[in-house]
Amino acid sequence: MLKLKAYKFRIYPNRNQEELIAKTIGCARFVYNHFLHRWNTTYSETGKGLSYNQCSAMLPKMKRVEETEWLKEVDSIALQSSLKNLADSFSRFFKKQNERPRFKSKMHPVQSYTTKQVNQNISIDGNLLKLPKIGHVPFAKSRKLRGRILRATIRKNPSGKYFVSILCEEKIHDFPKTESAIGIDLGILDFAVLSDGQKVDNDRFTSKMEKKLKREQRKLSRRALLAKKRGINLFEAKNYQKQKRKVARLHEKVMNQRTDFLNKLSTDIIKSHDIICIEDLHTKGMLKKRKLAKSISDVSWSSFVSKLQYKAEWYGKTIVKIDRWYPSSQICSECGHQNTKIALSIREWMCITCHTNHDRDINASKNILVEGLRKLSLT
């Protein structure tokens with residue numbers, strides 16, 4: 001079966017290509033904001049918004065007007081993609097899937113644009129990547145692309161590095177069946193505890209870098225204050241921008257470490273088990289707890305679960321989510337007796353019925369597995 005898979009690579013544009021990428025990002029943002037304003041104005045005046053087709057028909061006229069003729073300098077497909085994103089945002093908003101579309105800002109840490117494959121305008125030639133208008137760009141070819149290229153998203157990170165994400169349509173083969181099922185209890189002290197007794201250590205990437213991050217962020221704040229005292233715009237303050245990139249590189253390093261850890265762990269679990277049972281965690285609600293918010297944010301549970309889900313879909317495995325209110329920590333996995341609520345500080349407890357001594361997290365993962373298999377049998 002053909003499935004969608006994205007490949008991310010770092011690209012190394014020259015100075016002229018960097019300028020063209022910056023122009024394209026700016027033009028895509030301008031088009032998005034311009035038509036968002038027109039959409040809102042039309043809705044307030046008539047009670048109806050615009051459609052993608054209406055906005056798309058207006059775009060060529062803008063390129064013929066003197067005030068906006070500079071839109072012709074960049075990739076036209078990127079501008080159309082920006083319009084498509086706006087239309088999709090409104091569509092999701094009316095379906096109550098997200099909030100109302102907001103104006104894009106050039107202050108946002110990640111700046112990007114998307115272009116589509118048309119007449120082989122996106123292709124790979126050795127270690128060079130061909131992109132519309134940009135031309136051939138050297139890139140770090142760490143993996144071989146398989147399948148048909150659909151579109152590419154070019155992104156500039158706050159650290160000043162450039163990346164491209166290439167979406168391909170390709171045939172992905174299922175992993176061999178293992179006839180194995182596993183329950184996973186996600187935690188903070190241990191990132192994941194499996195029902196077979198394995199515990200995966202939480203590396204706490206952010207906390208390890210916290211001291212250095214605080215020091216560099218304080219430097220950034222001081223340079224911002226100094227620039228304001230001298231009446232210098234922060235975009236023109238070279239020392240501030242230099243320090244801002246340094247802080248961004250530290251954040252990027254933490255993010256890369258965490259992503260690598262989550263990718264390796266999720267792939268290992270998908271390869272080793274056919275059925276994976278996990279809790280349907282309400283991460284947003286848990287982040288409201290001040291004492292735990294920082295630790296929960298660092299472990300990235302939601303990212304790990306999403307990786308498990310799409311990899312299970314790719315490789316023919318099954319994910320079963322159990323109800324978030326299921327009392328997995330309170331039930332004895334041996335006899336089924338349910339205790340009253342057990343405080344988080346209690347890591348081990350003994351069942352008053354069968355007198356089995358339980359590790360809290362291993363017991364919870366065993367119960368998650370049992371409940372997941374029961375739920376799966378009912379479908």
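Reply: Start with D359 and K199. Their side chains meet in a salt bridge, 2.9 Å from N to O. D359 sits in strand 14 (residues 357-359) and K199 in strand 10 (residues 199-201), so this pair ties together parts 160 residues apart in sequence. D359 is partly exposed, at 22% relative accessible area. K199 is partly exposed too, at 38%. Keep in mind that this is a predicted model.

Now turn to K317 and D274. They also form a salt bridge, and their closest N and O atoms are 3.5 Å apart. K317 is in the loop between helix 8 (301-315) and strand 12 (318-322), while D274 is in the loop between helix 5 and strand 11 (275-279), so the bridge ties together parts 43 residues apart in sequence. Both K317 and D274 are buried.

A further pair is E73 and K23. Their side chains meet at 3.1 Å, N to O. This bridge links distant parts of the chain: E73 is in the loop between helix 2 (52-64) and helix 3 (76-94), K23 is in helix 1 (residues 15-46), and 50 residues separate them. E73 is partly exposed at 41% relative accessibility. K23 is partly exposed at 43%.

Some bridges join into a network. E216, K219 and K246 are linked that way. Across the whole structure, a search finds 11 salt bridges.

Next comes the positive surface patch. Its residues include K156, K211, R222, K242 and K253. Helix 4 (205-229) and helix 5 (238-272) are the elements that give two or more residues to this patch. Helix 4 supplies the largest share, six residues. R222 is found in helix 4. R222 is exposed, with a relative accessible area of 52%.

The cysteines come next. The count of disulfides is zero. C354 is in no disulfide: its nearest cysteine sulfur, that of C332, is 3.6 Å away. C354 is partly exposed, at 28% relative accessible area. C168 is buried, at 0%.

K133 has a positive phi of about 70°, although it is not a glycine. K133 lies in the loop between strand 4 (128-131) and strand 5 (135-138). K133 is exposed at 51% relative accessible area. E179, also not a glycine, has a positive phi near 55°. E179 is in the loop between strand 7 (162-171) and strand 8 (181-186). E179 is exposed, at 72%.

Notes:
Residues are numbered from 1 along each chain as its sequence is written. This is a predicted model: local features need pLDDT of at least 70, side-chain atom pairs count only at pLDDT 80 or more; totals for chains, interfaces and linings use all residues. Side-chain values use heavy atoms; hydrogens and water are left out. Patches are made of residues with over 30% relative accessible area and no salt bridge: like charges are joined within 9 Å, nonpolar side chains (Val, Leu, Ile, Met, Phe, Trp, Tyr) within 5 Å. Accessible areas come from the Shrake-Rupley method with a 1.4 Å probe; for residues, only the protein chains shown count as cover. A salt bridge is a side-chain nitrogen of Lys or Arg within 4 Å of a carboxyl oxygen of Asp or Glu. Lys and Arg count as positive and Asp and Glu as negative; His and the chain ends are not counted. The place of a charge is taken as NZ of Lys, CZ of Arg, CG of Asp or CD of Glu. Helices (H or I, at least four residues) and strands (E, at least two) are DSSP runs, numbered from the N terminus. Buried means under 20% relative accessible area, exposed over 50%, partly exposed in between (1.4 Å probe, protein chains only). A disulfide is a pair of cysteine sulfur atoms within 2.5 Å.
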